[in-house]
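Subject: Model handover and notes

Hello,

Here is the structure I said I would pass on. My notes follow below it.

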Amino acid sequence: MKLWLHVFIVLLGLTWGTASAQDARIVVQAAAAAMGATNLKTIQISGVGSTSAIGQSYAVTAEFPRFEVPTYTKVIDYDAGTSREEYIRRQGNYPAQGGGFTPLQGEPRTLALLSGIYAWNMEGTTVVPQPGKFLAGMPVSELRQLEIALTPHGFLKAALASKQLNAITQSYAGSVTDGTSGDGRKATVVSITVLGKYRVNGTINDRNEVELVTTWIPTPFYGDTIYDIRYVDYKDFGGIRFPGLVHVHVGDPIFNQAHNYVDLHVTDVKANVAVPPMTVPDAVRAATVPPVRVATQKLAEGVWLLGGGSHNSVAVEFRNFVTVIEAPLDEERSLAVIDAVQTLVPNKEIRYVVNTHHHFDHSGGLRTYVAHGTIVVGTPANLEFYRTVMFYPMPRTLQPDRLATFSPMNTHNRSPFLMEPVNLQYVISDGVRTLELHPVARNSHAVGMLMAYLPTEKILVNADLYSPPAPNAPAAPPGPTMTNLLENIRRLKLDVVQHVPIHGVPGTHEDFLTRVAGGTQ
């Protein structure tokens, strides 16, 4: 049974009643006593399981790519507001389809640290500050702070410290997490606010266990995005009750079932372990998010690379309009690219924006173009998903954008969400310049992947299939996506001179052939 349908059926059997703040506090206090949270200062959690690359699914309705986690440890100091999370990932037996560095090479180790408002990672002995955003939404440091409050004991501590508790009592035929029926159990949902803006709801069952903690985080794709953690199979670990299974969702379970993020099978929990004081490196204190920058590079007459960040776009000028290839990341990036295009090509509208594929980092800026009345070009399945999910008027209270507050009905007298599907081929032309869009057949990165080809200029634009190395940088070994790109070039008989990637710098077709096919056509 689909998870969202299961939850809906369970909710049909719920009856609700209000609980006073005092009643809610009594419930929280009882759970804190039963679970050993009252005198808990620090905790160490160990386990094994799996994790996923959020927003990098092979198909729009498929699960996010999963990786095995053979070892996992997290240490939290609740009073100091610090956490140290360490784990290893590997491809394991999961299908090597989708993005997020799939297939995963080797067994990369992640060491993620938090001290107060500062977040950073360690790569060996190298400090890597994390001043940026999680999924182009909330600051990484805020997510790590929030995740402390999303642990069972962290939620109880935050609730006890809260000056205002809101709660409802629910009676239901089965557990929200285990799906049993007929036991007539009761639970109390306690609501608090964390970091002054994130509403967190914790479900405390009649066994005085925190079995579900839910919050909402901002992402450009979903808007107010569900982030919930389900705690199942509680066990006693040396006087501390802790779940044997932790299951995390990120996404919207009604509109998209591909939202499973983490499964952690807990093997050991230690309470009140000694945690050395954490010193924040100077580089972390000084780290800031650089302003969005768009660096323009002329590729041919009327064709520009719009770089300057982790993702590129490409602008193509036609007689009466402009087409932009790719709207990555978020609204901030899209607004900067639109400004750059209007500087390069004044007095011409951006009529089309081409979306190469559905991954969050490549589609997160589409809503901005839609708000401007731009026509979105992509494959049919992706466009339908955008219409029903990303462009759907779900709440965006945490990170409002233009589409949430400005109707495209007012732009160019167009109806909202104009989209053009690409099936076998799509051509944008003004009678002089031609831009061809081709689906990339049999690729393992994303169903519905498109590449863009300018036959006169002999320029091929691709996303995530091939990124030429920067000057004097070592070239990565050829992988299956490069081989697949070559197969599609040969299949379509494209005469390519220059490769323009959405990540990285342009390169020659000669260099591409040398790397992937030993220089042979």
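In which loop does P103 lie? Before the answer, one caution: this is a predicted model, and everything below should be read that way. P103 is in the loop between strand 4 and strand 5 (109-115).

Backbone

Most peptide bonds are trans, and most residues other than glycine have a negative phi. K458, which is not a glycine, has a positive phi of about 60°. K458 sits in the loop between strand 26 (450-454) and strand 27 (459-462), and with a relative accessible area of 29% it is partly exposed. D464, also not a glycine, has a positive phi of about 70°; its loop runs between strand 27 and helix 11 (480-492).

Aromatic pairs

There are 11 aromatic pairs in the structure. In one of them, Y72 and Y87 have ring centres 6.1 Å apart and planes at 25°; stacked pairs have planes under 30 degrees apart, so this one counts as stacked. Y72 belongs to strand 3 (residues 66-77) and Y87 to strand 4 (residues 82-90), so the pair ties together parts 15 residues apart in sequence. Y72 is buried, at 13% relative accessibility.

A second stacked pair is F221 with F360, at 4.2 Å centre to centre and 20° between the planes. F221 lies in the loop between strand 13 (210-219) and strand 14 (223-237), and F360 in helix 7 (residues 360-363), so here the parts tied together are 139 residues apart in sequence. F221 is buried at 2% relative accessibility, and F360 is buried with a relative accessible area of 14%. Both rings belong to one aromatic cluster, made up of F64, F221, Y222, F360, F385, Y386 and F391.

There is also a charge over a ring: R89 lies over the face of F67, 5.5 Å from the ring centre.

Strands and sheets

Strand 11 (residues 186-194) is mostly covered, with 7 of its 9 residues buried. Strand 11 runs antiparallel to strand 12 (residues 198-205), and 8 bridges join the two. Within this pairing, I192 stands opposite V200 of strand 12. The hairpin they form has 3 residues between the strands, and L195 takes a positive phi near 60° there.

Strand 28 (residues 498-501) and strand 29 are antiparallel and joined by 2 bridges. Q498 has T508 of strand 29 as its bridge partner.

Helix 6

How far apart are the end C-alpha atoms of helix 6 (residues 331-344)? They are 20 Å apart, which agrees with the 20 Å that its 14 residues should span at 1.5 Å a residue. The buried residues of helix 6 are E331, R333, S334, A336, V337, I338, A340 and V341. As background to that list, an α-helix has 3.6 residues a turn, so residues three or four places apart point the same way.

Regards

Technical notes
Residues numbered from 1 in each chain as written. Predicted model: local features only at pLDDT ≥ 70, side-chain atom pairs only at ≥ 80, totals over all residues. Heavy atoms only, no water. Phe/Tyr/Trp six-rings, centres within 6.5 Å; stacked < 30°, edge-to-face > 60°. Helix = DSSP H or I, 4+ residues; strand = E, 2+ residues; numbered from the N terminus. Buried < 20%, exposed > 50% of the residue type's maximum accessible area, 1.4 Å probe, protein only. Lys NZ or Arg CZ within 6 Å of the ring centre and 35° of its normal. Expected span 1.5 Å × (residues − 1). Pairing = 2+ DSSP bridges.
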